[in-house]
Each structure stands twice: as C-alpha cells, then as structure tokens.
Amino acid sequence: MVADSIEREITIAAPRERVWEVLTQAEFLGIWFGTGAPAQIDLRPGGRMLLDHGVHGALAARIERVDPPAVFAFRWSQGAAGEEPGAGNATLVTFTLATEPGDHTRLRMVESGFASLTLPHETVRTRSRQNGTGWTRKLTDLACHTERLTLRR
C-alpha cells in the first residue's frame, strides 16, 4: 500500500516574500530544483511549467494556484518524462508559506494524489519513494539557496 501523500516542512531563515521569489521565479527555480538553467514557468493558474530535472528528463506541470506570498500549487505528471499532467497520471504539489518569528518562513510542502494514480502499482510505489527522498533534498537546497541570497542583501 502506498500512502496518498508526502508531507515535508522546513524553516528557512529568510522573509516569506524572499522564499516566494526563490520558489516561483524561473532563474531560482531552475537552481534549487533543476540543473541550474532557468525553468520555464507561466506563473498563473492554468499556466505551464517545465522543470529540467537532469537525468530524470523534463518534467511537465500545470499551475493550479498562485496566491503570493502564501500558496503555490502545481500538478505534475508521474508518468514518463515530458508527459503532460492529466487525470490518472498526476499528483498535486502544494507549498504553503507562513511567517515565523525572527524574519523566518515555515515552508510546508504536500504532494498528494498517489492513491488515485492509474499507473502500474510498481511505478506508483517507485515514484512515491523517489519523490519522498527527493523532496527532502530539494527543500534543503531551496532553503540553502534562499538563505545565501538573503545574506547577500
């Protein structure tokens, strides 16, 4: 049995507006999530996002919610690289940002929808395991990059 969601939370030593920039702007998104090249992102509900994830290929996503600087959500395919997200092949990733004391931000990420994927069970299990490990690493990268940028200001 695969859990329906992955949940991660991290506190970042930066103001919420700065974390929002690093989370959603093409040049920063490409650094903490991708290979370093700017990501493609049309930052609006229904907009398309393409994340270059190196060996895993280009990952297509559709933006679901943009509520600066509090909530950012997108749906992405768990199928083959480059496959557009759709019914039965995509999970929903939601980031929620909350201000914490000392000009810090609590970032919560929930990726949900694994239980409703219509992909082969082994594929779902693999994606869930890989994404669980990957989000821990990626959120740490996001925090480190944001904190370095904040110190430079």
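1. Strands here are DSSP runs of E covering at least two residues, numbered from the N terminus. By that reading, V71 sits in strand β5. One thing to keep in mind while going through these notes: the model is a predicted one.

2. Now the overall layout. Seven strands make up an open sheet, ordered β1-β7-β6-β5-β4-β3-β2, with antiparallel pairing. The edges belong to β1 (5-12) and β2 (40-41); each has a single partner strand, so one side of each has no neighbour in the sheet.

3. Back to V71: is this residue buried or exposed? Its relative accessibility is 9%, and therefore V71 counts as buried, the cut-off being under 20%. Leaving aside residues up to four places away in sequence, V71 touches W20, R65, V66, T94 and F95. Take T94 from that list: 23 residues separate it from V71 in sequence, yet the C-alpha to C-alpha distance is 7.1 Å.

4. How are β5 and β6 joined? Strand β5 (residues 71-77) and β6 run antiparallel, with seven bridges between them. F74 stands opposite V93 in β6, and W76 has T91 as its bridge partner in β6.

5. What does the T91 side chain make a polar contact with? The partner is the side chain of E111, at 2.5 Å. If you skip residues up to four places away in sequence, T91 touches F74, R75, W76, Q78, E111, S112, G113, F114 and L117.

6. On to the other neighbour of β6. Strand β7 (residues 104-112) is joined to β6 by nine bridges, and the two run antiparallel. Three residues lie between the strands in the β6 and β7 hairpin, where G102 takes a positive phi near 75°.

7. Last, the helices. Which strands does helix α1 (residues 16-24) lie across? The list is β1, β2, β4 (58-67), β5, β6 and β7, and α1 runs at about 160° to β6. Helix α3 (residues 121-152) lies across β1, β5, β6 and β7, and runs at about 15° to β1.

Notes
Residues numbered from 1 in each chain as written. Predicted model: local features only at pLDDT ≥ 70, side-chain atom pairs only at ≥ 80, totals over all residues. Heavy atoms only, no water. Polar contact = N/O pair within 3.5 Å; in protein donor to acceptor, adjacent residues only side chain to side chain. Contact = heavy atoms within 4.5 Å. Pairing = 2+ DSSP bridges. Helix = DSSP H or I, 4+ residues; strand = E, 2+ residues; numbered from the N terminus. Buried < 20%, exposed > 50% of the residue type's maximum accessible area, 1.4 Å probe, protein only. Axes fitted to C-alpha atoms, helices over the stretch in contact; angles between N-to-C directions.
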